[in-house]
Amino acid sequence: MKIAFSTEGESLESLLDTRFGRCPRFLVWNFETNSFTLVDNSQNLQATQGAGIQSAQNVINTGAEALVTGHCGPKAFKVLQAAGIPIYVAESLPIRELIDSFEKGTLLQLKEADVEGHW
Amino acid sequence: MKIAIASGKGGTGKTSLAVALLHANAERARLLDCDVEEPNCHLFLSHTVIGHKAVELLIPQVNPNLCKLCGKCVEACQFNAIAIAGNQVMIFNELCHSCGGCARICPHGAIQEFPVKIGELSQSRCKNEAELLTGTLEIGHASAPAVIKAAKKALPLQDVPFTLIDSPPGTACTFVAAVEDSDFVFLVTEATPFGLNDLKLAVEALLNMELPFAIIVNRIQSETNLITDYANQQGFPIWLQIPEDRHIAETYARGGNLLDVKPELKKVLRELLDRCQP
Ligand code: SF4
Ligand code: SF4
């Protein structure tokens with residue numbers, strides 16, 4: 001199973017970026033191989049609209065089966081929901097800790113969008 | 001000649017001024033209410049509606065039987081309005097700019113475009129014979145600029161030398177759509193710190209668009225105020241200052257207009273249009 005984290009950094013010590021639409025990249029952790037890949041999301045930093053939708057598309061394209069981020073707007077939520085990808089929210093903590101929390105099942109799952117658009 | 005009446009924020013008396021300008025120039029001007037999210041010029045003008053016209057945009061729809069989920073449309077949409085999730089293409093109408101790109105690029109002919117009503121134009125003749133054209137955006141649609149552009153393109157009831165455009169407040173894309181390609185802009189403001197702040201933003205936007213403008217200060221307490229200080233310092237013209245007057249507010253509340261209280265302004269309001277000519 002793969003799980004995507006929004007982040008500004010490039011390692012497991014990097015912090016979670018709590019912005020979803022405008023995070024520069026995703027770190028995708030693979031539980032089978034215990035390794036990760038980085039997926040660029042920077043084209044969205046400049047987007048005037050729909051950044052959340054495109055970020056959601058990027059997450060879907062990574063093949064991740066879950067997403068951990070800080071907040072999620074209504075459109076991105078709809079896209080991820082249609083793709084069957086659950087969204088977990090967390091504080092800006094190191095990704096390594098969040099992987100642990102995910103395994104322990106202590107992360108909070110988002111049941112509906114928690115911010116208005118423009119993220 | 002197109003003259004936009006704009007304001008960095010709401011509540012500066014922009015609409016009242018637009019209405020008074022129309023009254024003072026009834027035989028030679030028409031008024032477009034382009035404040036499409038909240039058009040209200042019609043409340044201050046007795047008028048008869050002559051016709052309505054829907055403003056439509058073409059919005060794409062995907063036929064799931066033909067779609068192969070290839071993703072070409074997602075890539076093609078510059079407005080990030082499309083995503084593929086699960087086994088479906090999702091199009092977010094409210095982000096779609098009707099560019100037609102996705103339908104053109106789809107290799108399987110799965111995307112068809114359908115007209116969707118996003119607003120309405122209504123054309124009226126006022127009691128003073130002048131034309132009022134009102135653009136109204138349907139609630140829930142984001143394409144206000146499209147309605148504004150349609151209002152500006154509508155055929156006039158009669159040909160007159162001046163088209164006045166009551167523009168949406170603020171400096172966002174709706175403001176730009178309303179003022180762009182006008183020949184002159186009146187910026188209406190109030191002599192308050194908020195008024196000055198919003199005026200500066202509007203001035204900056206107009207300078208970027210290289211549009212000529214003059215400032216009109218509403219509800220002044222004194223001939224010299226923080227707007228005149230700013231304008232003098234920057235070398236921006238102020239063409240009219242309207243004193244604070246309790247009677248004016250009362251007249252508006254009754255659906256009257258500025259000229260009912262200050263008939264002497266008629267001459268000034270006619271000169272304002274003459275002065276816009278290069
Ligand atoms: S381009 Fe056409 S076939 Fe490809 S995903 Fe879009 S709608 Fe489907
Ligand atoms: S018509 Fe243009 S803006 Fe609308 S969804 Fe298709 S590509 Fe995007």
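How many salt bridges does the rule find across the interface of chain B and chain A? Zero, with a salt bridge taken as a side-chain nitrogen of Lys or Arg within 4 Å of a carboxyl oxygen of Asp or Glu.

A note for every view: this is a predicted model, where local features need pLDDT of at least 70 and side-chain atom pairs count only at pLDDT 80 or more, while totals for chains, interfaces and linings use all residues. Residues are numbered from 1 along each chain as its sequence is written, and side-chain values use heavy atoms, leaving out hydrogens and water.

**View 1. Where chain B meets chain A.** Each chain brings 14 residues to the contact (heavy atoms within 4.5 Å). Together the chains bury about 1100 Å², 62% of it on carbon and sulfur atoms (accessible area, 1.4 Å probe, lost on being put together and summed over both parts). B:Asn80, B:Phe92 and B:Leu95 supply 44% of the area that chain B buries here, more than any other three residues.

**View 2. H6 against H7 in chain B.** Helix H6 (residues 193-208) packs on helix H7 (residues 226-234) at about 30°, axes 9 Å apart (helices are DSSP runs, H or I, of at least four residues; axes are lines fitted to C-alpha atoms over the stretch in contact, with angles from 0 to 180 degrees between N-to-C directions). So H6(B) runs roughly parallel to H7(B) (angles under 35 degrees). Residues in this contact include B:Leu199 of H6(B) and B:Tyr230 of H7(B).

**View 3. H1 against H2 in chain A.** The axes of helix H1 (residues 51-62) and helix H2 (residues 74-82) come within 8 Å and cross at roughly 25°, which makes H1(A) roughly parallel to H2(A). Among the contact residues are A:Ala56 of H1(A) and A:Val79 of H2(A).

Notes. Chains lettered and ligands numbered in written order. Helix = DSSP H or I, 4+ residues; strand = E, 2+ residues; numbered from the N terminus. Parallel < 35°, antiparallel > 145°, perpendicular 65-115°, else oblique. Buried area = accessible area lost by both parts, 1.4 Å probe.
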